[in-house]
Amino acid sequence: MRPPLALLLTTALLAPSAFADDDHHRALRVPTLPQYQQECAACHMAYPPGMLPAASWTRLMGGLDKHYGTDASLDAASAKLITRWLTDNAGTGRRVSATPPPEDRITRSAWFIRQHDEVGASVWKRASIKSASNCMACHAGADKGDFDEDRVRIPK
């Protein structure tokens, strides 16, 4: 017996979005480059490269001498290696727009704002969270690229 045409059409229409979600989750779980972990995670979480488009990573790495008010300069070889890894694994597709967010901040990207629209401004200011960029406060597996909504725990 052949499946009804409506079922085939529905499956065909839904499949690309399911694959896009799988691609997005895979992009957040790219094995971390040891140099990236060593250099960047010394000051903040080593954000998965899939959270920003390649243009943002290129600009961020090109301006490490004034990285959000801090001199995070690296030697040329390390900077080149990390930049290449970030841009090769950067976010693509509809979740991460090709248009970089303001100031290349993950927390100012359209997808981040959409995903956190139910989080009130006062929540980000809690002493246990401090800012929207502190992913680990609510997403315990963020450092491994795990941002599953079922495991979110917003601290008091």
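A: In this predicted model, the sulfur of cysteine 138 has its closest cysteine sulfur in cysteine 135, 8.9 Å away, which is too far for a bond. A disulfide needs two cysteine sulfur atoms within 2.5 Å. Cysteine 138 is buried, because its relative accessibility is 10% and buried means under 20%. Cysteine 135 also counts as buried, with a relative accessibility of 7%.

The pockets come next. The largest pocket holds about 670 Å³ of space. Its lining consists of 29 residues, and those nearest the centre are His44, Met45, Tyr47, His67 and Tyr68. Helix H2 (34-40) and helix H3 (54-62) each contribute at least two residues to this lining. Sorted by class, the lining of the largest pocket contains 18 nonpolar, 7 polar and 4 charged residues.

The second largest pocket has a volume of about 520 Å³. There are 26 residues in its lining, with Gln115, His116, His139, Phe147 and Glu149 nearest the centre. Three helices, H1 (5-28), H5 (110-115) and H6 (121-124), each give at least two residues to the lining of the second largest pocket. In that lining, 14 residues are nonpolar, 8 are polar and 4 are charged.

Technical notes
Residues are numbered from 1 along each chain as its sequence is written. This is a predicted model: local features need pLDDT of at least 70, side-chain atom pairs count only at pLDDT 80 or more; totals for chains, interfaces and linings use all residues. Side-chain values use heavy atoms; hydrogens and water are left out. On a 1 Å grid over the protein atoms alone, a cavity is a set of points where a 1.4 Å probe fits but cannot get out, and a pocket is an open set with protein on both sides within 12 Å along at least five of seven lines; lining residues have an atom within 4 Å of a point. Grid points are joined across faces, edges and corners, and a volume is the space filled by probe spheres set on the points. Helices (H or I, at least four residues) and strands (E, at least two) are DSSP runs, numbered from the N terminus. Ala, Val, Leu, Ile, Met, Phe, Trp, Tyr, Cys and Pro count as nonpolar, Asp, Glu, Lys and Arg as charged, and the others, Gly among them, as polar. Buried means under 20% relative accessible area, exposed over 50%, partly exposed in between (1.4 Å probe, protein chains only).
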